[in-house]
Amino acid sequence: MRIKLLLASLAVAAMAPAAEAKEDPFYTSVLSNVAVGGYDAVAYFTQGKAVKGSANFSTSYKGAEFRFANAADLAAFKANPDKYAPQYGGYCAWAVSQGYTASGDPLVWKVVGGKLYLNYNEEIGQRWSKNIPGFIAAADKNWPAVLDK
C-alpha cells in the first residue's frame, strides 16, 4: 500500500509544472523586511557614504523593501536596481566567500568594480580587504547555493 501511495505521489509531482526559479533573497532582519538596514543603496555610489533611507522613498525589489534618502535615489534604483543592490543579497561578502551566510552591516561596506559589498563587522571587513579579488571570486562561485545550507 505504501509503495502505491509513493508511486501515486511521484506521478502527481511529475505532472506538476516546474517551479519558477526563485529570485535571490535579500538579507533582512527578523523584525522587518527592509534591506540594507534601511540605508540608501544608491548613496554608497553617489555620496560615498552610508545614508539612512526613508520609508517615504521606498520600493520593493526581489521581495525586500529598499529605502532611499530622496526621490532621485529612488528613481535611480528603480531604473537599474541590479547596479545598486548589494551583492550576495546584502549578506556578508566574506562569509559567502567561505561558504555560509552572515548578516551584512550597512556601515561596513565597499564599492568594488561598480558593485556594493557589505560585511559582518569591522574585523571581518578588514579581513575581506586583504584579498578582495580572491574573496569575490570565491563568493561568486558559492552564490546563491549557500542559501540552501
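1. Helices here are DSSP runs of H or I with at least four residues, strands are DSSP runs of E with at least two, and both are numbered from the N terminus. On that basis the protein has 7 helices and 4 strands. Starting at the N terminus, the order is α-α-β-β-α-α-α-β-β-α-α.

2. A quick word on what you're looking at: this is a predicted model, in which local features need pLDDT of at least 70 and side-chain atom pairs count only at pLDDT 80 or more, while totals for chains, interfaces and linings use all residues. Residue numbers start from 1 along each chain as its sequence is written, and side-chain values use heavy atoms, with hydrogens and water left out.

3. Now the overall numbers. The protein has 149 residues, and 37% of them count as buried (buried is under 20% relative accessible area, exposed is over 50%, and partly exposed is in between, with a 1.4 Å probe and protein chains only).

4. For Glu123 the relative accessible area is 51%. Glu123 also meets Arg127 in a salt bridge, at 3.5 Å from N to O (a salt bridge needs a side-chain nitrogen of Lys or Arg within 4 Å of a carboxyl oxygen of Asp or Glu). Both residues lie in α6, 4 residues apart, which is about one turn of the helix. An α-helix has 3.6 residues a turn, so residues three or four places apart point the same way. Arg127 itself is partly exposed, at 35% relative accessible area.

5. Which residue caps the N-terminal end of α6? That's Asn121, with a side-chain oxygen 3.2 Å from the backbone nitrogen of Glu123. A polar contact, for reference, is a pair of N or O atoms within 3.5 Å; within protein, one must be able to donate a hydrogen and the other to accept it, and residues adjacent in sequence count only if both atoms are side-chain atoms.

6. β3 and β4 run antiparallel, joined by 5 bridges (strands pair if DSSP finds at least two bridges between them). Asp105 stands opposite Asn119 in β4, and Trp109 stands opposite Leu118. Of the 5 residues of β4, 4 are buried, so this strand is largely enclosed by the rest of the structure.

7. The hairpin of β3 and β4 has 2 residues between the strands, and Gly113 there takes a positive phi near 60°. Gly114 also sits in the loop between β3 and β4. Is Gly114 buried or partly exposed? Partly exposed, with a relative accessible area of 43%. Leaving out residues up to four places away in sequence, Gly114 touches Phe45 and Lys83. Lys83 is 31 residues away along the chain, yet the two C-alpha atoms are separated by 7.6 Å.

8. Over in strand β1 (residues 54-61) you'll find Thr59, which counts as buried at 16% relative accessibility. Setting aside residues up to four places away in sequence, Thr59 touches Ala64, Glu65, Phe66, Phe68, Leu74, Phe77 and Lys78.

9. One of those contacts of Thr59, Glu65, also forms a salt bridge with Arg67, where the closest N and O atoms are 2.9 Å apart. Glu65 is partly exposed at 22% relative accessible area, and Arg67 is partly exposed at 24%. How many salt bridges does the structure hold? The count is 2.

Key: Contact = heavy atoms within 4.5 Å.
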